[in-house]
Amino acid sequence: MAGPALRLKIVQAGEPVLRQRARALSPEEIRSTAIQELIEHMRETMHDAPGVGLAAPQIGQNLQLAVIEDRAEYQKGLSAEELTARAREPVPFHVIVNPEIVARSEETAVFHEGCLSLAGFSAQVERARAVRVSCLDHRGETRIIEASGWYARILQHEIDHLHGGLYIDRMDPRSFTSQANYARYGKGETR
Ligand code: ZN
């Protein structure tokens, strides 16, 4: 069993690890005590932030591993219309390792997104509305994930992290805003 969870430091943009392509993990490594404990610590850190995803490079580990969970309670600040537009539904906690996007929809969606490594900011990012992801799970077993809506966005964001990417590489730069100003001026935009 994993030890008591720790809250890890989330590194901010400019930290070199965020710009490196992370290293893949073998199924044996995934099942090791060290990685199982890392998963628990990342889960705790993501909940504490709070965030809907956290990639290992964000806590300074150059590994192709991310945790994802979108809880219903995180969605309370959004209206029914906003949730429908984003196709945002709760996603249970799970782990992706060595993920690859093997198919993506031609149809895209543009919404504001933020990142725990660019704390206090957000911007509009165009992403595929649906993706198919091949990865390993927390037991090192192969999984194919079919995702659409906000979950597809979360996957694309986290997989970018594992390849050294940040949303600012893909954003509409003129939409970049502090989250305070987004709350003030920026709600409701879609394209
Ligand atoms: Zn991020």
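Start with Arg43 and Phe93: the charged end of Arg43 sits over the ring of Phe93, 4.0 Å from its centre. Keep in mind that this is a predicted model.

**Zinc site**

Select the zinc ion next. Three residues coordinate the zinc ion: Cys115 through SG, His157 through NE2 and His161 through NE2. The distances run from 2.0 to 2.3 Å. Along the sequence, the donor residues follow the spacing C-x41-H-x3-H.

Now show helix H4, residues 149–162. His157 and His161 are both in helix H4. They are about one helical turn from each other because they are four residues apart in that helix. Are these two histidines buried or exposed? His157 has a relative accessible area of 8%, so His157 is buried. His161 is at 1% relative accessibility and also counts as buried.

**Glu82 and Ser79**

Move to helix H3, residues 80–86, and pick Glu82. Glu82 has a relative accessible area of 15%; that is under 20%, so Glu82 is buried. The backbone nitrogen of Ser79 lies 2.8 Å from a polar atom of the Glu82 side chain.

**Aromatic pairs**

The model has two aromatic pairs by the ring-centre rule. One of them is Phe121 with Phe176. Their ring centres are 5.0 Å apart and their planes meet at 10 degrees, so the pair is stacked. Which parts of the chain does the pair link? Phe121 is in strand E5 (residues 121–128), while Phe176 is in the loop between H4 and strand E8 (177–178). The two residues are 55 residues apart. Finish by checking their surfaces. Phe121 is partly exposed at 34% relative accessibility. Phe176 is partly exposed, at 34%.

Definitions and conventions. Residues numbered from 1 in each chain as written. Predicted model: local features only at pLDDT ≥ 70, side-chain atom pairs only at ≥ 80, totals over all residues. Heavy atoms only, no water. Donors = N, O, S within 2.8 Å, 3.2 Å for Na, K, Ca; no water. Buried < 20%, exposed > 50% of the residue type's maximum accessible area, 1.4 Å probe, protein only. Polar contact = N/O pair within 3.5 Å; in protein donor to acceptor, adjacent residues only side chain to side chain. Phe/Tyr/Trp six-rings, centres within 6.5 Å; stacked < 30°, edge-to-face > 60°. Lys NZ or Arg CZ within 6 Å of the ring centre and 35° of its normal.
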